[in-house]
Amino acid sequence: MSTVTEDRPQPVPVPGNGLRRWMLPSAVVRELDPDAVPEGRRPRRTARDWAVDTCCFLMVVLLYLVTALSLVQHPDVPRGLVAADVVLGGLACLAVWVRRRWPVGLAVAMIAVGFVSSTAGWAELASLFTVAVHRPFRYVAWTAGATLALAPLYYWLRPESGLPYLASLVFALLLTVCVVGWGMFVRSKRLLMLSLRDRAHRAETEARLRAEQAQRLAREDIAREMHDVLAHRLTLLSVHAGALEFRPDAPREEIVRAAGVIRESSHEALQDLREIIGVLRTGGSDDTAGGRPQPTLAALEPLVAECREAGMKITLDHRVADPGAVPASVGRTAYRIAQEALTNARKHAPGAEVTLRLTGADGDGLAITVTNPPPESEAPPVPGSGQGLIGLTERATLAGGRLQHGTTPDGGFEIRAWLPWG
């Protein structure tokens, strides 16, 4: 049975496909396929990253040139201040290429540079957009808040020509909000895609776990059924084979009778095994196996008669008026409990008289009690003892009932089971 040991998301096919990888941002590729990027190294830019960075750089340079031209033509600004402003703005434009590596650090530096250089304002907006895309909201709030807090002082020291002071503040506010909102929208789309990927991965993992659990439960059911069916037959074989081994001088009639029981039990065991294999091959329901009906409560008396023929001493106290009225699933569970209990008594208390009591009615439930006194002599140890009782307890629990077992005050053993009926 396979087990699921991986906890982190597995690589998805898209990043590994060379025709589609270039269409995704490098940050998304790293999240989708962690093994594609060595530990401690940054992911390489994809073709989409280069295209976006180039467009962003060209746009910032274009706006920088427009702002620098208007600044040069401004008659009231000293030439030295214009030169310093243009140089700082050019350096800010070049810094756009490293915005993916240090988004927060670049944004903080751009806030300071943009306060003293009007041509660097567009690079400052690009850095704010990068922070909004690649970092959580707290970084966006601090950087955007600092930019807006300095805007009133900036426009008071360097007013825009032909534009009122209040209008300049409103324009700066709207532009900053639009850039930050756009970046957060891009980030939310990426997070949504990653969350959907994680949800799909969890769904696949849960489906795999459910399939493995179903396989395990099916195997447990098969093992339980094989134990209940074959243990009874094989115990009969063991008892009569042991009798032939220890009494080779027995009368011919007893040897023939024991050999006949062994032959019939062998045939029955093979037939039961074929039925179980038939269920595995055809996937039939639990009510039929290989075309032969499964035992119900009505088959309990033939089971007792078979055990008596094998030499067991059994007292049957059957107080169910109409065994045919018992539901098939309840009757089948009761039959398996009685069969396993009789098998255990034959193995662990050979020669002891077993009492099988069956009571119940519709609405009250069905009660099964199997009691045997202590054996006259110590029974030989049986490999795997106790497994049958565990299976019976689970079978009764699955049927909605309960099963208890333990020793009696006189040293015997008792199994008590109750199954719902009606």
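This is a predicted model: local features need pLDDT of at least 70, side-chain atom pairs count only at pLDDT 80 or more; totals for chains, interfaces and linings use all residues.

Student: Which residues of α6 and α8 make the contact?
Tutor: From α6, the contact is made by Val104, Ala107, Ile111, Gly114 and Phe115. On the α8 side, the residues are Tyr139, Thr143, Ala146, Thr147, Leu150, Leu153, Tyr154 and Leu157.

Student: And how many of those are nonpolar, polar or charged?
Tutor: The contact of α6 with α8 has 10 nonpolar and three polar residues, with no charged residues.

Student: What about α7 against α8, at what angle do they pack?
Tutor: Helix α7 (residues 121–134) and helix α8 (residues 137–157) pack at about 160°, and their axes are 9 Å apart. Because angles over 145 degrees count as roughly antiparallel, α7 is roughly antiparallel to α8.

Student: Is that crossing left-handed or right-handed?
Tutor: The crossing of α7 past α8 is left-handed.

Student: Which residues meet there, between α7 and α8?
Tutor: Glu124, Leu128, Val131 and Ala132 of α7 meet Tyr139, Val140, Thr143, Ala144 and Thr147 of α8. By class, this contact of α7 with α8 comprises six nonpolar residues, two polar and one charged.

Student: Changing topic: where is Val86, and is it buried or partly exposed?
Tutor: Val86 lies in helix α5 (residues 79–95). Its relative accessibility is 23%, so Val86 counts as partly exposed.

Student: What does Val86 touch?
Tutor: Leaving aside residues up to four places away in sequence, Val86 touches Tyr64, Ala68 and Thr119. Val86 and Thr119 are 33 residues apart in sequence, yet their C-alpha atoms are 6.3 Å apart in space.

Student: How many disulfides are there in the whole structure?
Tutor: A search of the whole structure finds zero disulfides.

Student: Finally, what is the overall picture?
Tutor: The secondary structure of the protein consists of 13 helices and seven strands. Of the 422 residues in the protein, 36% are buried. Among contacts between residues at least 6 apart in sequence, 68% join residues at least 24 apart.

Methods
Residues are numbered from 1 along each chain as its sequence is written. Side-chain values use heavy atoms; hydrogens and water are left out. Axes are lines fitted to C-alpha atoms, for helices over the stretch in contact, and angles run from 0 to 180 degrees between N-to-C directions. Helices (H or I, at least four residues) and strands (E, at least two) are DSSP runs, numbered from the N terminus. Angles under 35 degrees count as roughly parallel, over 145 as roughly antiparallel, 65 to 115 as roughly perpendicular and the rest as oblique. A crossing is left-handed if the near helix is turned anticlockwise from the far one by less than a right angle, and right-handed if clockwise. Contact means heavy atoms within 4.5 Å. Ala, Val, Leu, Ile, Met, Phe, Trp, Tyr, Cys and Pro count as nonpolar, Asp, Glu, Lys and Arg as charged, and the others, Gly among them, as polar. A disulfide is a pair of cysteine sulfur atoms within 2.5 Å. Buried means under 20% relative accessible area, exposed over 50%, partly exposed in between (1.4 Å probe, protein chains only).
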